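We will go stop by stop.

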Amino acid sequence: MFWTIPTLMTWARIVAIPLIVGVFYLPIDVGTRNLIATVMFVVFAATDWLDGYLARKLNQVSAFGAFLDPVADKFLVCACVLVLVHLGRADVFVGLIIIGREIAISALREWMAQIGASRSVAVHMIGKLKTTAQMVAIPFLLFDGMLFGLINTHAWGVWLIWIAAIMTVWSMVYYLQKALPEIRSRVK
């Protein structure tokens, strides 16, 4: 199941990271860089939904794909958040919250899986809402301009990334609360 269509799409999200970052080093005007990076992010982010759909539809669901999919998502989001912080389009505090939460919850899920309690930290709606807010905020901030002459993507992106940061903390607290009984039973 290493080279299935869904798994290749997941790998594509990881390969996209240096490509999106590299766009900002091209000797072209800023607006064109922003547009290219935004389109790339949207296309590769859309593969997250598509690879899951295809894995189920083609009966190509695998343990490796289930492992790689969230890793690719986290890499893509964290890399883009770092780019946005570097460009001054996102606050470093937002970057620390988003990246710190991803590390903490990934470690928590790994530990919970080792002790056989992974169901208590399974993906919840608050995590999905957090991801949605991030996936809308990031392309808005990558674009960093007026969309259709009407939408100030920078202003909307700043609001959305802060909303995503708040939801990030909220989801982390939720998962930690769910894991707390297991943690308490294991710590002596």
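The buried residues of α1 pack against α2 and α3. Contact here means heavy atoms within 4.5 Å. Buried means under 20% relative accessible area, exposed means over 50%, and partly exposed lies in between (1.4 Å probe, protein chains only). Helices (H or I, at least four residues) and strands (E, at least two) are DSSP runs, numbered from the N terminus.

A word on the source. This is a predicted model, where local features need pLDDT of at least 70 and side-chain atom pairs count only at pLDDT 80 or more, while totals for chains, interfaces and linings use all residues. Residues are numbered from 1 along each chain as its sequence is written, and side-chain values use heavy atoms, leaving out hydrogens and water.

**Stay on α1**

Select the buried residues of α1: Pro-6, Thr-7, Met-9, Thr-10, Arg-13, Ile-14, Ala-16, Ile-17, Ile-20 and Val-23. Now look along the helix. At Ala-16, α1 bends by about 30 degrees, and Pro-18 follows within four residues. The bend at a residue is the angle between axes fitted to the seven residues ending there and the seven starting there. From first C-alpha to last, the 19 residues of α1 reach 26 Å, close to the 27 Å expected at 1.5 Å a residue. That expected span is 1.5 Å times one less than the number of residues in the helix.

**Into the core**

Click Ile-20. Which residues does Ile-20 touch, not counting those up to four places away in sequence? They are Ala-37, Met-40, Phe-41, Leu-76 and Cys-80.

Next, show the largest nonpolar core, which has 29 residues. Ile-20, Phe-41, Ile-138 and Ile-161 have the most contacts inside this core. At least two of its residues come from each of α1 (5–23), α2 (30–57), α3 (63–86), α4 (92–114), α5 (125–143) and α6 (153–186). The most come from α3, with seven residues. Another core, of six residues, lies apart from it; Leu-108, Ala-117, Tyr-175 and Ala-179 are among them. A nonpolar core is a set of buried Ala, Val, Leu, Ile, Met, Phe, Trp, Tyr and Cys residues joined through side-chain atoms within 4.5 Å.

**Two loop stops**

Go to Asn-59, in the loop between α2 and α3. Its phi is near 55 degrees, a positive value in a residue other than glycine. Asn-59 counts as exposed because its relative accessibility is 65%.

Then pick Asp-144, in the loop between α5 and β1 (146–147). Phi of Asp-144 is also positive, near 50 degrees. With a relative accessible area of 27%, Asp-144 is partly exposed. Most residues other than glycine have a negative phi.

**On to α6**

Select α6, which has 34 residues and reaches 47 Å from first C-alpha to last, close to the 50 Å expected. Where is the kink of about 45 degrees in α6? Find it at Leu-180, shortly before Pro-181. Buried residues of α6 include Gly-157, Ile-161, Met-167, Tyr-175 and Ala-179. Their cover includes α4, α5, β1 and β2 (151–152).

**Zoom out**

From the N terminus, the elements run α-α-α-α-α-β-β-α. The C-alpha trace spans about 55 × 40 × 25 Å along its principal axes. Of the 188 residues, 39% are buried.
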